[in-house]
Amino acid sequence: MVDLNRIATEQRNPETMDIDRVSTLEMVKEINREDQKVALAVEKVLPEIARAIDETAARLGRGGRLIYVGAGTSGRLGIVDASECPPTYSASPEMVQGLIAGGYPAIFKAVEGAEDSRELGENDVRKLDVGVNDVVCGLAASGRTPYVLGAMAYAKQAGALTLGITCSPRSPVDTQADIGIAPCPGPEAITGSTRMKSGTAQKMVLNMLSTGVMIRLGKVYSNLMVDVQPSNEKLIHRCIRIVSQAAQVEEEEAQRALEACDYHCKTAIVMICRHCDREEADRVLEASGGRVAMAIDG
């Protein structure tokens, strides 16, 4: 039997006891006041997030993968973060992956009992053949989800780096991870509804983690996402704007450069800034590990 009294995310919030009786405006003000506590909670764990970024980027730079593992809201947040990396940063779908207790159907509808199985978590990670260059990140607001703990235990045994993102400091997910990240935004406005502040806190951490890793891997120049995939009309125009802003040229010149290199933003930027052709731009980019700033300074 799980003792909910001992779980940080299950405590009752004294600031919202009247939330069912106040006006609708006051209701949302109470929720908003609670939400404002999330960023401050995340601020307190920035050193752990920074360490996780550096350790993860080093492994992905050696060909490893970042694998999120979670259940319910936490699992869905991991899948959302993973699914955004290919279009935003041209990362391969294998580089950042998401596992959720219950598999694909659980993304849309709860699969009862799946999160209570350590064996299921272990098996799902085992199927990915994780190793020393991989990073397995357990996501669990409560910090005690058996599915997540099983996955993390197997990953550690296989030599992978383990991260834990939870809103319950000193919980099993926090303490068993090689790097525990545990912002504590306090009790939810609605007791135990961890899709609220806890979900927001986890999303903020995931934003920093994946973004920071992609920056360290050279997929950002200045603050521009220079590895974006031009997969639709909006993103094609975004590529043009990115090259125009990065190389400080008119959009017409940026478009011409992109057309000459199959709309690869990095190559187009280097072509313009170094006054060279595509072959030369690709060569210096490869020599600089795909980092635009290094390729330009060359």
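Arg 59 and Glu 55 form a salt bridge in this predicted model, with their closest N and O atoms 2.9 Å apart. A salt bridge is taken here as a side-chain nitrogen of Lys or Arg within 4 Å of a carboxyl oxygen of Asp or Glu. Both residues belong to helix α2 (residues 46-61), where a spacing of 4 residues, about one turn of the helix, separates them. Helices (H or I, at least four residues) and strands (E, at least two) are DSSP runs, numbered from the N terminus. Arg 59 counts as buried because its relative accessibility is 16%, whereas Glu 55 is partly exposed because its relative accessible area is 28%. In these assignments, buried means under 20% relative accessible area, exposed means over 50%, and partly exposed lies in between (1.4 Å probe, protein chains only). Residues are numbered from 1 along each chain as its sequence is written. As the model is predicted, local features need pLDDT of at least 70 and side-chain atom pairs count only at pLDDT 80 or more, while totals for chains, interfaces and linings use all residues; side-chain values use heavy atoms, with hydrogens and water left out.

Across the whole structure, the search finds 15 salt bridges. Side chains of opposite charge can pair when their charged atoms come close. One of the pairs brings together the side chains of Glu 34 and Lys 37, at 3.0 Å from N to O. Helix α1 (residues 24-43) holds both Glu 34 and Lys 37, which are 3 residues apart, about one turn of the helix. Glu 34 has a relative accessibility of 3% and therefore counts as buried, whereas Lys 37, at 36%, counts as partly exposed.

A further salt bridge joins the side chains of Arg 278 and Asp 262, again described by an N to O distance, here 3.0 Å. This pair links distant parts of the chain, 16 residues apart: Arg 278 is in helix α11 (residues 278-287), and Asp 262 is in the loop between α9 and α10 (265-274). Arg 278 is classed as partly exposed because its relative accessibility is 29%, and Asp 262 is classed as exposed because its value is 59%. Salt bridges with shared partners also connect Glu 34, Lys 37 and Lys 197 into one network.

Two strands are regarded as paired if DSSP finds at least two bridges between them. Strand β1 (residues 66-70) pairs with β3 in the parallel sense over 5 bridges, and 5 bridges also join β1 to β2, these two strands running parallel. Gly 70 is placed opposite Ile 100 in β2, and its bridge partner in β3 is Leu 139. Strand β3 is in turn joined by 5 bridges to strand β4 (residues 161-165), with which it runs parallel; within β4, Gly 164 is the bridge partner of Gly 138.

Strand β3 (residues 135-139) is mostly covered, 5 of its 5 residues being buried. In a regular strand the side chains alternate between the two faces of the sheet. In β3, Val 135, Cys 137 and Leu 139 point one way and Val 136 and Gly 138 the other way, and all are buried. Strand β2 (residues 96-100) is likewise mostly covered, with 4 of its 5 residues buried.

Attention then turns to the loops. Gln 248, in the loop between α8 and α9, has a phi near 60 degrees, a positive value in a residue other than glycine. Gln 248 counts as exposed because its relative accessibility is 74%. Ser 222 occupies the loop between α7 (197-216) and α8. Although Ser 222 is not a glycine, its phi is positive, at about 55 degrees; its relative accessibility of 63% is the reason that Ser 222 counts as exposed.

The loop between α8 (233-247) and α9 (251-259) also contains Glu 250, which counts as exposed because its relative accessibility is 59%. Glu 250, Glu 251, Glu 252 and Glu 253 gather in a surface patch of negative charge. For such a patch, residues with over 30% relative accessible area and no salt bridge are considered, and like charges are joined within 9 Å. The place of a Glu charge is taken as CD.

Conventions:
Patch = residues over 30% accessible without salt bridge, like charges linked within 9 Å, V, L, I, M, F, W, Y side chains within 5 Å. Areas by Shrake-Rupley, 256 points an atom, 1.4 Å probe, with all protein chains shown as cover. Lys, Arg positive; Asp, Glu negative; His and termini not counted.
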